[in-house]
Amino acid sequence: MPDLVTVIVEHHPDGSLAAGFIGEGRLPPDSGGYEDMDALVSAVDRSVIEFYRSSPSDTTVPIGFQYAWYPWGDDTKALKIAGGPEEFLLFEIRQSIGGYEAWLPSDAAISTVSLRLADLPAAISKVAFERWPALVGRTMPGMLHWNRELTDVGFRDLPIAGSS
């Protein structure tokens, strides 16, 4: 069993999403054709639970799952704009009451909540554009990261180091 599985979220030209799995050991099959991030996570959760629970190996040890989601593409020039961010922005996601929250750990003022995962990129962009108006009209130089683990009772979010 892997200790950590990374789920890379790919955006296809038709607007659909796909999930690719990276890690050591047995991995679920890659899958695609999801209409949005909520559908992808729901399907991945179901398939991962089925995949690992059907394994003859010990499933009592949690398996880390981290989602790497790049909803804005790759605009490296955005980091060189005067008045823009100086480093690639790594937003954290966690489930919250009634939905999800996303924030920039290096700047707690850049945060938002949303009922759906699919709405987080637009919501966090709005807050980031207020902080860095020079980014308006460009793609966000960043990604969304979600750290979870699969336990014997299902998925749970992992706390951020240094937080309670």
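Predicted model: local features only at pLDDT ≥ 70, side-chain atom pairs only at ≥ 80, totals over all residues.
1. Residues are numbered from 1 along each chain as its sequence is written, and side-chain values use heavy atoms, with hydrogens and water left out.

2. Searching the whole structure turns up six aromatic pairs. In one of them, the ring centres of Phe51 and Tyr52 lie 4.9 Å apart with the planes at 85 degrees, so this pair is edge-to-face. (Rings of Phe, Tyr and Trp, the last by its six-membered ring, pair if their centres lie within 6.5 Å; planes under 30 degrees apart are stacked, over 60 edge-to-face, and the rest tilted.) Phe51 and Tyr52 are both buried, a term for under 20% relative accessible area, with exposed being over 50% and partly exposed in between, using a 1.4 Å probe and protein chains only.

3. Phe65 and Phe155 also make an edge-to-face pair, because their planes stand at 80 degrees, with the ring centres 5.3 Å apart. This pair links distant parts of the chain: Phe65 belongs to strand S4 (residues 63–69) and Phe155 to strand S9 (residues 154–157), 90 residues apart. Strands (E, at least two residues) and helices (H or I, at least four) are DSSP runs, numbered from the N terminus. Phe65 and Phe155 are buried.

4. The charged end of Arg26 sits over the ring of Phe51, 4.1 Å from its centre. Arg148 lies over the face of Trp146, 4.3 Å from the ring centre. The criterion is that NZ of Lys or CZ of Arg is within 6 Å of the ring centre and within 35 degrees of the ring normal.

5. Now for strand S6 (residues 99–104): five of its six residues are buried, so the rest of the structure largely encloses this strand. S6 pairs with strand S5 (residues 89–96) in the antiparallel sense over five bridges; strands count as paired if DSSP finds at least two bridges between them. Ser96 is opposite Gly99 in S6. The hairpin of S5 and S6 has two residues between the strands, and Gly98 there takes a positive phi near 80 degrees.

6. S6 has a further partner to look at, strand S7 (residues 107–114), with antiparallel pairing over five bridges. Here Trp103 stands opposite Ser111 in S7. A hairpin joins S6 to S7 through two residues.
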